[in-house]
Amino acid sequence: MAGEAKQLFAASEVALHSSRKYCWVAIGGKVYDVTKFLEDHPGGEDVLLHASASGDATEAFEEVGHSTSAISMMDSFLIGRIKGYVRPSASKATGPWGLDAPPNSRSMQGNKGPPNPNTFLDFLLPLFVLGLAFAAWYYLTFISKNH
């Protein structure tokens, strides 16, 4: 890795650097000094300042869906790591036997989720209404005239 972390920081120490003068962001247990990048950040400097003040910005960073070039650019801002960092979702992501759970389709597809279980009914109901309308038309056109 090009910008290998040289220092270990306490989370409380990183939290002290959440201003325009010194802005550090913790993502995935790594500490980035993004002070020089504040003005250039496409989402604006307030996004980085808020992420810095919130503590661990891993979840917020992953939710946005940064490009590969943005992720590779992060190495140039890397200054260290968080002491004893444990990913917060690590305990939630394991299955009953301690293995990693399969990825959730909601997180992979932008919260689209699995198909609705009523999709078959959603298909049949319009067909039923169409059939009912055809039957009413047929009755009114051909059968009621004969009576």
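Me: Which residue in strand 4 stands opposite valine 31?

Reply: This model is predicted: local features need pLDDT of at least 70, side-chain atom pairs count only at pLDDT 80 or more, and totals for chains, interfaces and linings use all residues. Residues are numbered from 1 along each chain as its sequence is written, and side-chain values use heavy atoms, with hydrogens and water left out. Strand 3 (residues 30–33) and strand 4 pair in the antiparallel sense over three bridges; two strands pair if DSSP finds at least two bridges between them, and strands are DSSP runs of E with at least two residues, helices runs of H or I with at least four, both numbered from the N terminus. In strand 4, the residue opposite valine 31 is glycine 80.

Me: In what order do the elements of the protein chain run from the N terminus on?

Reply: The protein chain has six helices and four strands. Read from the N terminus, the order is β-α-β-β-α-α-α-β-α-α.

Me: Which residue of strand 4 is the bridge partner of leucine 8?

Reply: Strand 1 (residues 7–9) and strand 4 (residues 78–82) pair in the parallel sense, over three bridges. Lysine 30 has arginine 81 as its bridge partner in strand 4. For leucine 8, the partner in strand 4 is arginine 81.

Me: Which residue in the hairpin of strand 2 and strand 3 takes a positive phi?

Reply: Strand 2 and strand 3 run antiparallel and are joined by four bridges. Isoleucine 27 stands opposite lysine 30 in strand 3. The hairpin has two residues between the strands, and the residue with a positive phi near 60° is glycine 28.

Me: Is histidine 17 buried or exposed?

Reply: Histidine 17 is found in the loop between helix 1 (11–15) and strand 2 (24–27). Leaving aside neighbours within four places in sequence, histidine 17 is in contact (heavy atoms within 4.5 Å) with Tyr22, Cys23, Trp24 and Ser52. Buried means under 20% relative accessible area, exposed over 50% and partly exposed in between, with a 1.4 Å probe and protein chains only. Because its relative accessible area is 17%, histidine 17 is buried.

Me: With which residue does arginine 20 form a salt bridge?

Reply: A salt bridge is a side-chain nitrogen of Lys or Arg within 4 Å of a carboxyl oxygen of Asp or Glu, and by this rule the count comes to one. Both residues of the pair are exposed. They lie in distant parts of the chain, 26 residues apart, one in the loop between helix 1 and strand 2 and the other in helix 2. The closest N and O atoms are 3.5 Å apart, and the partner of arginine 20 is aspartate 46.

Me: Which element gives the largest share of the lining of the second largest pocket?

Reply: A pocket is an open set of points on a 1 Å grid over the protein atoms alone where a 1.4 Å probe fits, with protein on both sides within 12 Å along at least five of seven lines; lining residues have an atom within 4 Å of a point. The second largest pocket has a volume of about 490 Å³, a volume being the space filled by probe spheres set on the points, which are joined across faces, edges and corners. Of its 23 lining residues, the closest to the centre are Ile27, His41, Leu48, Phe61 and His66. The largest share, four residues, comes from helix 2.
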